[in-house]
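Here are a few notes from a colleague to read alongside the model. Please keep the structure open and find each spot as you go.

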Amino acid sequence: MSVSSLRLQVESALAGRVVAPFRFREATAPVAVPIGISALDELTGGLPRGCLTEICGPPCSGKTSILQSALVACTQASEACALVDAQDCFDPVGAQKSGLELSRLLWVRCQGIDQALCSVDLLLHAGGFGLVALDLGDIPARLTRQVQLSVWFRMRRAVEDTSTVLVVLAPETNAKSCASLVLRLEREVTAWSLPAQKTERRAAHTPGCLLDGSAHSAEMVRSFLRRKKPLSIDRAKNYKPSGTTRFQISSDKRIKEEGSRETETLQAAEVSAERI
Amino acid sequence: MAYCAIFVPHFLLQSVIRSEPSLQNQPLVLLDGPAPTFRVIAANEAARLLGITAGLTKAAATEFRGVQIRLRNREQEAAAHAALLDAAWSFSPRVENTAIGLATMDVAGLKNLFGSYEEIGLQIQSCCLELGLHVHAAVSENLETARIIACAHRGPTIISAGQEAQCLNPLPVDLLVPSEELAEVLRHWGITNCGALAALPVLSLSECVGQEGVRLHAIASGKGNRALILAEPTHAFEEFMEPDDAVEELEPLSFLLGRLLDQLCLRVTARALAVRTIHLKFELQTSFEEVFDVSREMVRVKQRAGTFHCSLTLPRPTQDAKLLLKLLRLRLQEKPPNAPVQKLWLRADTDRPRAVQGDLFLPAAPDPDKLELTLARIASAVGENNVGSAELLDSYRPDAFRMHKFCATGAVDSQKAMSVDGVESPQELRKAELGFRYFRPPLSAYVVFDEGRPVRVSWKGNTGKVVHSSGPWRLSGQWWEENSWQEDAWDVELSFAGKTLLSGTYQIVFDALQKKWLVRGSYD
């Protein structure tokens, strides 16, 4: 049987169900949502819609800050978001301080990985969310490794062709080829406003020492930008296909202005002294 | 002016069949009376063919093979009558609650909406059939004539103006519902139909039987008319069911609930309303020991049969019976009744259905119906209090929040929404804040101090050296209440020898009331 007759036979068998089965379906470039951290946005091009994004790293590597920043961006753009929290560790007070609209965030507080995966599956199939985040956080890697690859495939299929961004936070990458974007984070240094000074009394505040923030490095392990078409957003032309970057996250306890650093530090010390 | 009367023949039987459609083609008898001496009060055609007549005892009725016997249930009848009124209200706002199983409505001016009177009659019959009732319908310019003709003919019957007397002539005089005394007098006179009554001289009739005779004479002549007494439409819908045997399993229970919900939603839809809140009430079967106190010489009732209540409020009113059933099933799976169910009540509070068109330039939001179902499913897996939106409490206590129901709000700023897909320039991006991860519950820790500063922190067998610390941040509150709190918080940067992955910035807290150190969480 010749190739053409074989092709004709397949096409006739699939007639009415599949339109042009042998036509190459070119993948469309995903639209991206900004993370809200300029260094990461330049590196990655944002979080792709309709794709699975993995952000992995050890504890204190900045995963939560990135997720919080993306949630802020989405909720401020009037999108409904969902956070499936496998370890019930989300901080709503801090999130609201950073600009997150809590009324637009559905928070599912789970007690384990099974509940979390089940909840994500239901949310993805419900549809309509701008961002669905699965925070596996600091769950031991030996447990996240036990999640079968078919689960990640199912998630990817559920989110495909939708406008939902699916973000998974985990200690290490698990979704393999199902993830369109994989970021690996590491903490580099924690920034303090002044070196700690020794005090004689335990109750006295360490003068002028405040948590300023932290610096992290991000490595893009996998990227959706490797596809043929560029991103549909303006900044796409400036993006690097892969690489690493450094970014800083500031704490809400930081000293705001560089010029008035000492003054504010002193003020903070005074405030804390008043509290004591 | 034109009136349409809707009459439900064999109303008592139809109210039972409406609840149990499987009885439609079976011989069915209805019993009523004081407890042990039940008598047959109604029987359908199939039962009558077997020889069952009204007045038979229950024992005699059970002798007939294959006969379905049911006790009269007034709640079922009330629900069937309410369905009839709902059907009438779906056509006209001017409806009279004439009698049980009989409604009359003003149909003047409805031709433009529904077509000719005959078409209106057919549509009413079809609407009632959807609600489980086979009805007779008659339209006339005379209200009483419409009522009598509806009771006599299946219809739809349309009586032209001036033809009332002619149509009423052959009908039995009992349809005029005379008092017993007058009925006896008419029987003695040999007056059996309306035509004979209408032929009597009015003056003589007045002298013999009084004003009632004059009134019936006018009705029989097609001239007696009166004003419509309007009924007030209700916004609460109730359905009731009493299964033969108590139901214990969720599967058959949800089957019965589905049937009730179907009827309820049909009624609500007919009135162009939607269900906002649904209330479920079960009467539970309790054991003899639970109900009666037999410990003493006299047996006395200890308590009444238990009941189970459950309410479900929807963020958006719906007419979807399947959605309501799924939500109720999930609720019952989570909190099942603790005894078999004997009786079921379902009450719906209604609202206007949502009639808002979405904005093209707004981001897609979850479909409220689908979201409600998804949230219910998630709640059944993780617990009802663990799903929703966080709402911060007015307190300085760290981690003070409560959960409330998540609702995908639709009112958004279009301009704001336009900037979602990365159109913002990098300069416009705000600075990201350092995230914090709570350990819920906080972990017990052991802290070593040196010269007023923590130098070593241990928890779960890991000991970290403090590289940098900031604190103490002393906080306290609600000291005037029982749940007072007081703590010294420290931000510490820890370094773990050999376990570099754990190294990071944490918050440790000294609980001054419990006198112990806790690790509250980490900066991530």
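1. Ala272(B) counts as exposed, because 12 C-beta neighbours lie inside 10 Å and the cut-off for exposed is 12 or fewer. Please remember as you look that this is a predicted model. You can find Ala272(B) in the loop of chain B that runs between helix H13 (250-270) and strand E10 (274-284).

2. Now look at the backbone there. Ala272(B) is not a glycine, yet its phi is positive, near 60 degrees. Why is that worth a second glance? Most residues other than glycine have a negative phi.

3. Val177(B) is another residue to check: it is not a glycine either, and its phi is positive, at about 55 degrees. Its place is the loop between helix H8 (164-168) and helix H9 (180-189) of chain B.

4. Is Val177(B) buried, partly exposed or exposed? Val177(B) has 14 C-beta neighbours inside 10 Å, so it counts as partly exposed. The reasoning is that buried needs 20 or more and exposed needs 12 or fewer.

5. Next, the peptide bonds. Most peptide bonds are trans. Which kind of bond joins Arg440(B) and Pro441(B)? The bond is cis, with omega about 0 degrees. Pro441(B) belongs to strand E17 of chain B, which covers residues 436-450.

6. Please also visit the bond from Gly471(B) to Pro472(B), which is cis with an omega near -5 degrees. Pro472(B) sits in strand E19 (residues 462-477) of chain B.

Technical notes: Residues numbered from 1 in each chain as written. Chains lettered and ligands numbered in written order. Predicted model: local features only at pLDDT ≥ 70, side-chain atom pairs only at ≥ 80, totals over all residues. Helix = DSSP H or I, 4+ residues; strand = E, 2+ residues; numbered from the N terminus.
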